[in-house]
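Here's a quick tour of one structure, for anyone meeting it for the first time. Have a look, then read on.

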Amino acid sequence: MTLAELKPGQKGRILQIGALGPLKRRLMDMGVVVGEEVLMVKVAPLGDPIEVLIKSYNLSLRKKEACEIQVEAV
Amino acid sequence: MKPGAGIQYAEDRDSKKSNETITLAVAGNPNAGKSTLINSIAGTRLQVGNWPGVTVEKKTAFFEHDGRKIKLVDLPGTYSLSPYTQEEIIARDYLVNEKPDVIVNVVDATNLERNLYLTLQLAELEIPLVLALNIYDEAEAKGYRFDLEALSSMLGVAVIPTTATKREGVKALMTAALAAADSPRQSIPKPITYGDDIERAADAVVGGLSAEIPEALEQYPPRWLALKLMESDSTVLERLGMPADSRIVADAVGHLRKAHGDDMEALLADARYAQAAGLTREVLKKPDIRKRDLTEKIDAVVLNRFFGIPIFLAAMWLMFKLTFDISKPFADWLGAMISGPFKRAAEALVSIMQAPAWIASLVSDGIIAGVGAVLVFVPVIFAMMFFITFLEGSGYMARAAFVMDRAMHAIGLHGKSFIPMLLGFGCNVPAIYATRMLENPKDKALTALLIPLTSCGARLPVYVVFIGTFFASQAATVLWSLYVMGIALAICVGMVFKRMIFRGDAPMFIMELPPYRMPTFRSLMIHTWEKGKHFLIKAGTCILAVSIIVWFLLNMPWGVENKKDSYLGQVGQVIAPALKPLGFGSWEAGSALLAGLVAKEIVVGTMGEIYVKKEEEGEKKEAPPIREELAGIVTSFGEAVKSAGMNVVSTVGIATISSDESEEKMAERMPLREELQKQFTPLSAYAFITFVLLYMPCAVVAIAMRQEFGTWKWYGIAFAYQIVLAWVVAFVIYQGGKLLGLGG
Ligand SMILES: Nc1nc2c(ncn2[C@@H]2O[C@H](COP(=O)(O)OP(=O)(O)O)[C@@H](O)[C@H]2O)c(=O)[nH]1
Ligand SMILES: [Mg+2]
């Protein structure tokens, strides 16, 4: 399952980041690292991007980027 | 690793002599309150410029504190020191190349862990550091409890709690920073330990470097350099002229790769996060129950599935109205002052000095008109900067991007691009300056290229004259069609540019949604003032020059009877044939379009001058006596304030979009209208106003683009594509219309 598939209010744990290079580094620098718990907060009114809670702050990213992040529901 | 190498590198740091300037570099995450803190330290002593070669803002301030000379440098806000974003590269290069005396690391106390991730990277640079634990008030209100001594001893640096908005802790922070400059070796942070495997590899890299490129170890902190090389950091490799697979590194990390896989970057990031999380656990106690905070409550409404977009549009409409309605009376007042008392005074002066006629004309029609052209932009730039700064500081800007991103992304833009594009309908100039809010250079450039297609207020007088003359019965429809055409073309052009100029990876959209916070009034004012001043000085001189050039073109050779023989008329004659297929191939139309390069509303004025013989004599009024003149200035300013206030109250009535030509002005334009009716048909008139909508951005936009991007490149592209677009669209309209039998 990817981060983009979590439902609002659902929690997941990051298993793997599929992206490479700058995108991966950027995600890591924003706290999106393997083992971290994420809470899906919201989907934007037009359906993209999404808002998640990670490391106790709110982060938004496009679904395309969220698809690169494998999670397991917890 | 042995501490030896690091100490060696830091050895040359001596404490500062009391008369030497101490350089403080302020670093921190975006939204940690860096700007607010700097404003409360340096206030109006800040100087704003750009980092060399890029468009990222650089703020510096020189001042004295406790009798010591201080240079304060504001580094761009960053989450990390990776080599991928402009901001991060700038911050990093500054720190390793310029070696400031002390880093002041501003940390958001309500978000300690993520902020410490940057702190730990800063710590590796072996530069004395003091930590400002900012937004301390909010953290305390949330019930967070910090063990400041533990944090300080674990990091090996001074930790000062601050509340920048109330200017609390700022004095203590400065004292700590000066103390760190005075005893640098005691203030270099303890580096984080990555575990034996990584440490051993780093040692091996340092060893390899000292054998092969020893210079590098003097230039950069050795351990940092080794870690960067292990991460295959592209900028560092490039600086050292090393290949990505250099043997020094490959040998050292071979066993790491076997144990942990290929991704050294991830390995090191994980280690830093582990350390940041560990530190946070030790020094911060959070209350067990978390209250639903204000930000969540506001977001539940503002980002709501159904209300999100209407609320956003309403907020934008309000901002647009306030920006242009507040500034308009002041712009009008400034305009009236320049063309009234100021011009009369200058003319009086010129005539006292018995200067020749052409000088008198240069002064009043060239220079003073140019000064006027600059000043009328000042109120709108101030107003716009004020609101943009508010939107950014309050945290709403990130929400605006969140709400709009889907729609804007479709044409290759970023969610935030919506705001500059919207401002463009008022005036393209502040819109170009507003692209500053976009971090990614691609997003920024594409937005700036599309802004000129939003029909600004200055084009309105042109439409109004033509629509009033040819389409009086369907005025609203025709006017509306022009705005819609601009938007539709912006969408098409955006899609084309996205594929042509901005090929490759779309910039990513990974953005923090910071908690809502109230920006301080002081901070807003300082920021607004900086921007306004910047515009006045830089853009002002350029616009003045352009306006003098146009005066020259229009009036030289001196004494021309017929405008056709002026330089402008001559150029008009040259370009007229190119405009013929569009239905307005006369030298008059050509010259008027050319003059519109300065500002599009000038098209109408120039046409008036060319088509209608002016009865100049006898129009000169006696200047009122000085005392009345001064009284007039004051009372009319009062009127402007009142009217700005009224505009804020009555935000109804779309004054900025609808025509504001008075009856009187309409009557004044009668002769011009009659003349236009002889020169244009309704079809060629429509082609003409379409052309005015689309053809090249005005000179002030050019200067704004130059200022924002540091090169003429983007203006060049905008100029070229718009000329072509305008020509093609006007051609299709005119020739297509003729084919359909709409009359030539
Ligand atoms: N409560 C509180 N708010 C703060 C403090 N420092 C800054 N802010 C607010 O945080 C927001 C972001 O601050 P700003 O200085 O623009 O952050 P920057 O992105 O780091 O430059 C603004 O609304 C500030 O008023 C503080 O110490 N306490
Ligand atoms: Mg700031």
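In chain B, Ile198(B), Glu199(B), Ala201(B), Ala202(B), Val205(B), Val206(B) and Leu209(B) of H9(B) are in contact with Pro222(B), Arg223(B), Leu225(B), Ala226(B), Leu227(B), Leu229(B) and Met230(B) of H11(B) (contact means heavy atoms within 4.5 Å). Sorted by class, that contact has 12 nonpolar, no polar and 2 charged residues; Ala, Val, Leu, Ile, Met, Phe, Trp, Tyr, Cys and Pro count as nonpolar, Asp, Glu, Lys and Arg as charged, and the others, Gly among them, as polar.

The axes of H9 (residues 196-212) and H11 (residues 222-230) of chain B come within 9 Å and cross at roughly 105°. H9(B) and H11(B) are therefore roughly perpendicular (65 to 115 degrees). Axes here are lines fitted to C-alpha atoms over the stretch in contact, with angles from 0 to 180 degrees between N-to-C directions. Helices are DSSP runs (H or I, at least four residues), numbered from the N terminus.

## How the model is read

This is a predicted model: local features need pLDDT of at least 70, side-chain atom pairs count only at pLDDT 80 or more, and totals for chains, interfaces and linings use all residues. Residues are numbered from 1 along each chain as its sequence is written, chains are lettered from A and ligands numbered from 1 in written order, and side-chain values use heavy atoms, leaving out hydrogens and water.

## A buried arginine

Arg114(B) sits in helix H4 (residues 112-123) of chain B. At 1% relative accessibility, Arg114(B) counts as buried (under 20% relative accessible area, 1.4 Å probe, protein chains only). Leaving aside residues up to four places away in sequence, Arg114(B) touches Met30(A), Tyr57(A), Asn29(B), Tyr79(B), Tyr273(B) and Glu512(B).

Technical notes:
Helices (H or I, at least four residues) and strands (E, at least two) are DSSP runs, numbered from the N terminus. Angles under 35 degrees count as roughly parallel, over 145 as roughly antiparallel, 65 to 115 as roughly perpendicular and the rest as oblique. Buried means under 20% relative accessible area, exposed over 50%, partly exposed in between (1.4 Å probe, protein chains only).
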